[in-house]
Amino acid sequence: MIKIQKETVTKRYREDGIYVETIIQFHYDTETEKLNHSREMQKSGFEDSGQVRENVGDMLHPDYVWFGSYYKHIKV
């Protein structure tokens, strides 16, 4: 099941316009789910960061899950 973990939207104001960066991060149950969702996100204009696993545990007790981080930059 796809679970959104975090969404960050940053606006940068410059003389030539406003630049918006959106980052959305997800956790997945399987590698196949991650790969299929990555294709969907890329069709929507997002880039895949390339990271596929994330430790949700700690250093002594690591617990790795399938992970996707996607970002998009637009000028408004």
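Predicted model: local features only at pLDDT ≥ 70, side-chain atom pairs only at ≥ 80, totals over all residues.

User: Okay, is S38 buried or exposed?

Analyst: S38 counts as buried, because its relative accessibility is 7% and the cut-off for buried is under 20%.

User: And what does the side chain of S38 join up with?

Analyst: The side chain of S38 is joined to that of Q42 by a polar contact of 2.9 Å. If residues up to four places away in sequence are left aside, S38 touches D48 and Y70.

User: Let me zoom out. How many helices and strands does the chain have?

Analyst: The secondary structure comes to one helix and five strands, and when you read along the sequence these follow the pattern β-β-α-β-β-β. The chain is more spread out than a compact globule, because its radius of gyration is 15 Å, well over the 11 Å that the globule rule gives for 76 residues.

User: What box do the C-alpha atoms fill?

Analyst: Taken along the principal axes, the C-alpha atoms of the chain fill a box of roughly 50 × 30 × 15 Å. As for burial, 28% of the 76 residues count as buried, while the chain exposes about 5,500 Å², with carbon and sulfur atoms supplying 51% of that area.

User: What about the charges?

Analyst: There are 11 positive and 13 negative side chains in the chain, and the centres of these two sets lie 5 Å apart.

User: Back to single residues. Where is S69, and is that one buried or exposed?

Analyst: S69 has its place in strand 5, and S69 counts as buried, with a relative accessibility of 8%. A polar contact of 3.5 Å joins the side chain of S69 to that of Q25, and beyond the residues up to four places away in sequence, S69 touches I23, I24, Q25, E47, D48 and S49.

User: E47 is on that list, so which strand does E47 lie in?

Analyst: E47 lies in strand 3, which covers residues 47-48, and at 44% relative accessibility E47 counts as partly exposed. Setting aside residues up to four places away in sequence, E47 touches S69, Y70 and Y71. The C-alpha atoms of E47 and K72 are separated by 6.3 Å, although these two residues are 25 residues apart along the chain.

User: I also noticed W66. What does W66 touch?

Analyst: W66 lies in strand 5, which runs over residues 64-75, and apart from residues up to four places away in sequence, W66 touches F26, H27, Y28, D29, T30, E31, V52 and R53. For Y28, the C-alpha atoms of the pair are separated by 5.0 Å, even though W66 and Y28 are 38 residues apart along the chain.

User: And E31, where is that found?

Analyst: E31 is found in helix 1 and counts as partly exposed, at 43% relative accessibility. The C-alpha atoms of E31 and F67, which are 36 residues apart along the chain, are separated by 8.8 Å.

User: So what share of the contacts comes from residues 24 or more positions apart?

Analyst: Among the contacts in the chain with a separation of 6 or more, residues 24 or more positions apart account for 50%.

Definitions and conventions. Residues numbered from 1 in each chain as written. Heavy atoms only, no water. Helix = DSSP H or I, 4+ residues; strand = E, 2+ residues; numbered from the N terminus. Contact = heavy atoms within 4.5 Å. Rg over C-alpha atoms; globule rule 2.2 N^0.38 Å. Buried < 20%, exposed > 50% of the residue type's maximum accessible area, 1.4 Å probe, protein only. Areas by Shrake-Rupley, 256 points an atom, 1.4 Å probe, with all protein chains shown as cover. Lys, Arg positive; Asp, Glu negative; His and termini not counted. Charge placed at Lys NZ, Arg CZ, Asp CG, Glu CD. Polar contact = N/O pair within 3.5 Å; in protein donor to acceptor, adjacent residues only side chain to side chain.
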